[in-house]
Amino acid sequence: MINKIAVLNRILKDRIVAIVRAENPEEARKIADACLEGGIHSIEITFTVPHADKVIETLSGEYDRDTLLVGAGTVLDSETARIAILSGAQYIVTPSLNIGTVKLCNRYQIPIMAGAMTVKDIIEAMECGTDIVKIFPGESLGPTFLKAVRGPLPYAPLMPTGGVNLDNVTEWFKAGAVAVGVGGSLTAGAKSGDFKSITETAKKFVEKIKIFME
């Protein structure tokens with residue numbers, strides 16, 4: 001049984017989620033392992049990966065939750081969310097707000113991170129029970145947007161995704177992010193089969209976040 005509070009607390013403690021997009025399940029698995037080796041303990045397997053549910057099932061079966069939290073990303077509807085949960089996903093991430101998906105996750109007490117792009121979206125996401133609001137696409141909005149939102153909504157749990165890299169990760173936290181979702185800037189090495197570079201980049205992200213939080 002998934003302990004929703006424990007999962008959220010772990011994500012908020014580590015403050016980083018690695019987003020895995022890949023051409024096939026084997027590549028997704030290698031990316032996930034490389035991220036874990038680099039010290040990132042929350043991995044989001046997106047449903048753009050072929051047979052993403054099988055990757056989630058394999059990872060959640062091999063690792064205990066103290067070692068690795070496996071989530072499902074790019075979840076567009078409640079049907080996909082249910083498949084992910086039955087496969088072992090410990091949290092669900094969506095690119096936009098889908099109320100049916102939020103309701104389903106709350107029904108089964110699975111943490112949900114729903115995407116939002118405007119203040120209206122953020123408020124609606126919180127009102128319907130989103131645990132962490134995913135600010136997406138982060139590269140279009142930037143840390144200044146996050147900082148501005150925190151003015152009227154200082155209690156909003158915001159996690160930017162898209163456009164987060166080693167050069168600006170601390171700026172996102174200064175602006176008020178509770179965590180960050182990191183994709184391409186972390187996993188780019190997979191395209192050339194350089195999974196070692198993913199591990200090294202993961203270590204740099206973890207170290208930068210650790211230093212900033214001290």
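**Helix α2 and its neighbours**

Let's start where the crossing of α2 and α10 is right-handed; this term applies when the near helix is turned clockwise from the far one by less than a right angle. The model is predicted, with local features needing pLDDT of at least 70 and side-chain atom pairs pLDDT 80 or more, while totals for chains, interfaces and linings use all residues. Residues are numbered from 1 along each chain as its sequence is written, and side-chain values use heavy atoms, leaving out hydrogens and water.

Helices here are DSSP runs (H or I, at least four residues) numbered from the N terminus. The axes of α2 and helix α10 (residues 195-213) come within 7 Å and cross at roughly 35°. Axes are lines fitted to C-alpha atoms over the stretch in contact, with angles from 0 to 180 degrees between N-to-C directions. On the α2 side, the contact (heavy atoms within 4.5 Å) uses E27, K30, I31, A34, C35 and E37, and α10 brings F195, I198, T199, A202 and K203.

Now look at helix α3 (residues 52-62): its axis and that of α2 (residues 25-37) come within 10 Å, crossing at roughly 35°. Here P25, A28, R29, A32 and D33 of α2 meet V55, T58, L59 and E62 of α3.

Finally, find the largest nonpolar core, which has 73 residues. Such a core joins buried (under 20% relative accessible area, 1.4 Å probe, protein chains only) Ala, Val, Leu, Ile, Met, Phe, Trp, Tyr and Cys residues through side-chain atoms within 4.5 Å. Helix α2 gives the largest share, six residues. L186 is among the members touching the most others, and its contacts beyond four places in sequence include C35, I198 and A202.

Definitions and conventions
Helix = DSSP H or I, 4+ residues; strand = E, 2+ residues; numbered from the N terminus. Buried < 20%, exposed > 50% of the residue type's maximum accessible area, 1.4 Å probe, protein only.
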